[in-house]
Structure formats: structure tokens, C-alpha cells
Amino acid sequence: MLSGAARRGEIRDLLQVRPIAVAELAERYGVSESTIRRDLGRLSRDGQIVRTYGGAVSPGPQEEQPLQEREHLAGPEKAAIARAADRHAAGCGLVLLDAGTTVGALAGRLAARGGLTVATPGLTSINILAGVPGIELVVLGGTVRPLSLGMVGPLAEAAVSRLTADAAFLGADGVVAGRGICEARPEQTALKQLMIDRSRELYVLADAGKLGRENSHWWATFDRPWTLVTDAGATDEQLAPFHADPLCTVETAAI
């Protein structure tokens, strides 16, 4: 049987020819689909491939992906992260939900929980939670970013500045230990920083492919304890800086 490094090298070369599904790669190499997902996660973090729904492709230009494309990436990982994050919403009165697909997965679980006030600028979460019995939905209005389907700008910031949340659940383009979370635009991080400042408990929901990524230019930072909720595909090497960060608690969610 090939070593992990050799298998990943072959996978990278195969993807230069055509896209390949996780199930096909697992059968080809006689390993589990979880093993292949970890391989793909590592190759993605190294910039050698791009994850897709159910598989991967060879990398193209590194541009911000529209939300409709990101919805199909790392689905099992996002669902696992949402399950883990859902436990932290228990006992909360008001929570802040960021925009994004991973936080949107959490919104689906909160819809079943009920008994909660949710404030969010994310159209994904708004569509899930609008009209759900037991959920008081507060829409943080502002200017809609077409790529993320999240609202940003002074109107959204003014709304957040007038509330205090029991917990904020944040997404990110990337998260770096000791530095914070990064996004493509300054208005995104300005709103996230307000969410951080106005919330008692802080949770960053990020799949393993986002750990250590710093390819975006704008940052929101932490000056008090926060929790990283990621998936079990994260490697020890990826997690080591977060474990060493005195402000960070790490939770990994089984897929």
C-alpha cells in the first residue's frame, strides 16, 4: 500500500487530468472515504487542489468563491461543526450568527431547537429561520454582498452596536492562531469585530481547510477567550498553534 505522501502525490497528479470524486479515490486506493477527505484537505491547504462537492479539481485562480459554490464544499465537515456548535446555543437567549455556509448549517439546527432570539446579517440563515415557530429573528440590515449573501456596512454595524449577545458564531475565509480571522473585504471584518465586542461567548466555525489560511487581507482579532470549532480532519500540525494560543479553546467535531 502506498504511503500517505505518495498517495497524495498521485491524487494531485490525477486531478490535473480530470475531476475525481471521493468515493472513486477511496476505491482506487483501498482506503476509507474519511482518509481521502483528509488527503484532499491537506492538498487543499497546501494550495495544490481545490475541493468541490464530493471530490476535488486541480486549482485555478484563487478568487473569492460565491456562496452558491461554497455551499457544496466540505458538506459533511460543516454538518459536523454545526452539530458541535449547536450545543453551545443551549441556554442562550440571544445569539449572533455570521453570514456564510457553515454558520448557515448551524441555523438549520437552531430552527429545530427554538426558544431563541437570533440576530444575523446572513441571507442563508434568514431564509432558514424566517417564520420558524419559537425563533425570534432579528435581521441586521445593510448592503448585501452578492458573493457571500451577507449584509455589511454602517446600517448593519449600527444594529449590532445596539445589542448584547450571549454568544456569537462566526465564519471566516481563514483563521490564524494569535492573529484572528480574515476576510476579503474590510467591511466584513468591521462587522465581525463588532460582533466579537458585543458578545459574551465567541465561537469560530471553520473546517480544516481554513485553518492557518491568511490569503485574505482584512482581519478581525480576539483579545479575550474564544473557541475554535473545526472538524476531525484537522491535523495535529494545524491544531498545534491554536492549542498553544492561551485565548483559544479547540473543539474538533467527528464527521
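Tutor: Let us begin with two definitions. Helices (H or I, at least four residues) and strands (E, at least two) are DSSP runs, numbered from the N terminus. Two strands pair if DSSP finds at least two bridges between them. In this structure, S14 and S15 run parallel and are joined by six bridges. The model is predicted: local features need pLDDT of at least 70, side-chain atom pairs count only at pLDDT 80 or more, and totals for chains, interfaces and linings use all residues. Residues are numbered from 1 along each chain as its sequence is written, and side-chain values use heavy atoms, with hydrogens and water left out.

Student: How many helices and strands does the protein chain have?

Tutor: The protein chain has 10 helices and 15 strands.

Student: In what order do the seven strands of the open sheet stand?

Tutor: The order is S6-S5-S4-S9-S12-S14-S15, with parallel pairing. Strand S6 (135-139) and strand S15 (248-253) each have a single partner strand, so one side of each is left without a neighbour in the sheet. On average, neighbouring strands of this sheet are turned by 20° against each other, direction ignored. Such angles come from axes, which are lines fitted to C-alpha atoms, for helices over the stretch in contact; angles run from 0 to 180 degrees between N-to-C directions.

Student: Which residues stand opposite one another around S14?

Tutor: Strand S12 (residues 199-205) and strand S14 (residues 226-231) run parallel and are joined by three bridges. Val-204 has Leu-228 of S14 as its bridge partner, and Tyr-203 stands opposite Thr-227. Towards S15, Thr-230 stands opposite Thr-252.

Student: Is S14 mostly covered or uncovered?

Tutor: A residue is buried under 20% relative accessible area, exposed over 50%, and partly exposed in between (1.4 Å probe, protein chains only). S14 is mostly covered, with six of its six residues buried. Trp-226, Leu-228 and Thr-230 point one way from the strand, while Thr-227, Val-229 and Asp-231 point the other way. Of the 255 residues of the protein chain, 49% count as buried.

Student: What lies across these strands?

Tutor: Helix H5 (residues 75-89) lies across strand S5 (116-120), strand S9 (165-170), S12, S14 and S15, and runs at about 145° to S14.

Student: With which residues is Leu-239 in contact, leaving aside its neighbours within four places in sequence?

Tutor: Contact means heavy atoms within 4.5 Å. Leu-239, found in helix H10, is in contact with Leu-211, Thr-230, Ala-234, Val-250 and Thr-252. Leu-239 counts as buried, because its relative accessibility is 6%. The C-alpha atoms of Leu-239 and Leu-228 are separated by 9.8 Å, and these residues are 11 apart along the chain.

Student: Which residues divide the lining of the second largest pocket by type, nonpolar, polar and charged, and how many are of each?

Tutor: Ala, Val, Leu, Ile, Met, Phe, Trp, Tyr, Cys and Pro count as nonpolar, Asp, Glu, Lys and Arg as charged, and the others, Gly among them, as polar. The lining residues divide into six nonpolar, three polar and four charged. The largest share of this lining, four residues, comes from H10.
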